[in-house]
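Student: I would like to learn how to read the features of a model. Please take me through them one by one.

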Amino acid sequence: MVCQVNMHASYLDPILMRYPHRDLLQILIAVQDCHGYIHTDAIDHLSLQLQLPRAKIVGVASFYAHLYLQPKGEYRVLFSDNITDRMQGNMALMTSMCQQLWLEPGKASEDGLVSIDTTSCTGMCDQGPAMLVNGLAINRLTEERINRISALIRGRVPLSGWPAALFAIDDNIRRRDILLDSCFEAGSALAVILQGGSDKTLQEIKASRLRGRGGAGFSTGDKWQLCRDAGETDHYVVCNADEGEPGTFKDRILLENFADMVFEGMTLCANIIGAERGFLYLRGEYRYLLPSLQSVLARRRGKKLLGNNILGLAGFNFDIDIHLGAGAYICGEESALIESLEGKRGTPRNRPPYPVTHGYLNQPTVVNNVETFAAASLIALKSGAWYANIGTNTSSGTKILCVSGDCEYPGVYEYPFGVSIAQVLSDCGAQDTQAVQISGPSGMCIAPDEFHRRIAFDDIPTAGAFMVFDKTRDMFEVARNFVHFFAHESCGFCTPCRIGTTLLANMMDKLGEGHGSPYDFNEIKNLNALLKSTSHCGLGHTACNPVLETMAKFPETYDKRISNKEFVPDFDLDRALSQARQMTGRDDTDAHLARSDD
Ligand code: SF4
C-alpha cells in the first residue's frame with residue numbers, strides 16, 4: 001500500500017537525488033544519519049517516492065541491526081562484544097558507562113540523550129575493547145577513556161568536537177610480505193592489460209593459482225572465466241568488504257593503506273569479464289574509511305583509471321560505487337550481500353545458480369574478497385608464474401592473518417601459505433597457549449598437539465582470523481560466546497537455524513549455570529545433525545562447530561559442568577516466580593517451591 005506524502009518529509013528529496021539508482025539500504029542509512037532513526041513519516045514518503053510497499057521498507061530497515069525504527073539516544077553507543085572484547089573487560093566498562101549516564105544497557109536514557117547497547121565484533125580485535133558512537137569507532141577503551149566519553153556526552157559536545165585522538169585507529173602491521181610490502185603505483189597493473197590484452201591477463205591470473213581469500217578458496221581465474229563466458233548481458237564486479245567474522249580485520253588495513261591496489265584489481269576484473277559497474281560493499285563498522293575511499297576513487301577518475309575509455313582504451317568503461325552495510329553478519333555471505341546491494345533484506349539465496357551467472361540483478365557477477373582483488377593487481381604486474389612459486393602446491397601466494405587475543409603483539413601478519421601455527425604464535429609473542437581459533441567461530445579450534453599444522457587450503461584454510469587463548473581461559477566460555485553470536489546473527493529465514501541456534505545458546509547457558517547432564521551433550525549432537533542437514537546456508541551448518549570442537553579437544557571444561565546424571569529441565573519454575581515474589585514483597589521460605597520442610 002502506498003501512503004500519503006507528508007510535507008514534512010520533503011527533507012528526504014535531496015537524499016533521493018543522491019541515490020539515482022534508488023538503493024534502498026543506502027537511502028535508509030542516509031535518513032537515519034539525518035534524524036538518528038527512521039521515522040514513520042520518512043517511511044511513508046519513501047513508499048510514495050520509490051513506489052515500494054511500506055511493509056517492504058519496514059522489512060528491510062528491521063533486518064539490519066544498526067538501523068532503528070524507534071528513537072534511540074542522540075548519542076548511540078554500541079560496545080563491541082566479541083570474545084576478545086570480553087577478555088579485555090568490555091562488560092565492566094559498559095556497566096561503568098551506564099552508571100555514569102544513568103541508564104540500563106539496551107535502553108535509551110529518559111531524556112533521549114544517549115543509548116548504550118552491545119553489537120557484534122566491530123573488527124578492532126587487535127586494539128579492543130572497542131565501541132561505536134553514532135557509527136564511528138573508538139578503540140583501546142579504558143576506565144579513563146570511558147570517563148572522558150561520558151563527560152563529552154553529558155556536555156552534549158557534538159562528535160565533530162570530540163578530541164581526534166579518541167578516534168585514532170592503528171594499523172598494527174607486524175609482518176609484511178609480497179603484498180603489504182609492495183609500493184603499488186596506481187595504474188601500473190592496468191597498463192599491463194593495455195599492453196597484453198585481457199586474455200593474457202586472465203591467463204596470468206589462472207597461472208598464479210590464486211584462490212579466493214574469503215575462506216572458500218575457489219579458483220579466481222576460473223571464477224572470472226565463468227563470469228566472462230556467461231552471456232552477453234550486463235556484468236558486475238563486487239568487492240566483499242563486509243568482513244564480519246569475529247576476529248577478522250585485515251580488510252580494514254588493506255582499504256586504509258592499499259585501496260588503489262584493491263580498486264585496480266576490481267578494474268582488471270571488469271576488463272576481463274566485460275563489466276561497466278562495480279561495488280565495494282563496506283561493512284558499516286568501517287564507515288570511518290568512507291571519505292578516504294571516496295577520495296581514492298575521485299583521484300582514480302581524475303587519472304582516467306575509472307570512468308569512460310579508461311587509459312584511452314576505447315570502450316573500456318568502468319566505475320565503482322561504495323555501498324555501506326548496516327550491521328548484518330550474514331551479508332558477508334556472497335548471495336546475501338547481493339540481496340543487500342539490491343536494497344533487500346540480506347537473506348542468502350538458493351545456490352545454484354551461483355552469482356557468477358545469476359548475481360546482482362540476476363546478471364553475471366564476480367564477488368571476490370578485498371585481499372583477492374589486491375593480489376590480482378600484484379599478479380598482473382609481476383606474472384602468474386612468480387606468484388605461483390610462493391606458498392605451497394595447493395595454496396599459492398601469501399595469506400594475511402589477523403592475530404588477536406592472548407599475545408604480546410596483536411595485529412596483521414602476512415605469511416606465505418604453509419606457515420605453521422607454532423611459527424605465528426612465536427612471532428606474535430604468545431605464551432602458554434591453550435588453543436587458537438582459526439577463521440572465527442565457524443572455523444577450527446586448534447589445540448597444542450596440532451600447532452605443527454599449517455595455514456593452507458589442504459590443511460587449515462582460513463579467511464584470516466587467528467584468535468589466541470592462553471591457559472587461563474575457559475574454552476567452554478569461548479564456545480558459549482560463539483554460539484550466542486550465531487543465535488544473534490541468524491537471519492531468521494529458516495526455522496531450524498532460527499530456533500536451533502537459540503536452543504543451542506540456551507543449552508550452553510544451562511550447562512554454564514550447572515544444570516547440565518549427559519542428556520544435554522546428546523541433544524547438542526542431535527541439534528548439530530539437524531542444523532547441518534536442514535539449514536539454508538553456512539551459518540546454520542557451522543553453528544554447532546565451536547561446541548563440538550571444544551567438547552572434543554577440551555572435554556574437562558565440559559565434564560566439570562556436569563553435576564547431574566539425570567536430566568534437569570532448563571525451565572526453573574522457582575526462578576520464574578521471582579517476579580511474583582518481588583511484586584508481593586515476599587521472599588520467605590514458604591514463598592519458594594523448594595521448602596525447608598520438604
Ligand atoms: Fe538465515 Fe540461518 Fe537460514 Fe542461513 S541458515 S539462511 S543464517 S536462518
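Student: Which residues are buried in helix α4 (residues 54-63)?

Tutor: This is a predicted model, where local features need pLDDT of at least 70, side-chain atom pairs count only at pLDDT 80 or more, and totals for chains, interfaces and linings use all residues. Residues are numbered from 1 along each chain as its sequence is written, and side-chain values use heavy atoms, with hydrogens and water left out. Buried means under 20% relative accessible area, exposed over 50%, and partly exposed in between (1.4 Å probe, protein chains only). In α4, Ile57, Gly59, Val60, Ala61 and Phe63 are buried. Helices are DSSP runs of H or I with at least four residues, strands are runs of E with at least two, and both are numbered from the N terminus.

Student: Against which helices do the buried residues of α4 pack?

Tutor: They pack against α2 (24-35) and α3 (40-50); contact means heavy atoms within 4.5 Å.

Student: How are two packed helices described?

Tutor: By the angle between their axes and the distance between the axes. Axes are lines fitted to C-alpha atoms, for helices over the stretch in contact, and angles run from 0 to 180 degrees between N-to-C directions. Helix α18 (residues 475-489) packs on helix α19 (residues 495-512) at about 155°, with the axes 8 Å apart. The two are therefore roughly antiparallel; angles under 35 degrees count as roughly parallel, over 145 as roughly antiparallel, 65 to 115 as roughly perpendicular and the rest as oblique.

Student: What is the angle between α9 (residues 198-208) and α15 (residues 370-382)?

Tutor: Their axes cross at roughly 110° and come within 9 Å, so α9 and α15 are roughly perpendicular. Thr201, Glu204, Ile205 and Ser208 of α9 meet Ala376, Ile379 and Ala380 of α15.

Student: What should I look for in the backbone?

Tutor: Most residues other than glycine have a negative phi, and most peptide bonds are trans. Here the bond from glycine 128 to proline 129 is cis, with omega near -5°, and proline 129 lies in the loop between β2 (114-119) and β3 (131-133). The bond from proline 352 to proline 353 is also cis, with omega near 5°.

Student: Where does arginine 156 lie?

Tutor: In the loop between α7 (143-154) and β5 (173-175). Arginine 156 has a positive phi of about 55° and, at 43% relative accessibility, counts as partly exposed. Arginine 209 has phi near 60° and is partly exposed at 33%.
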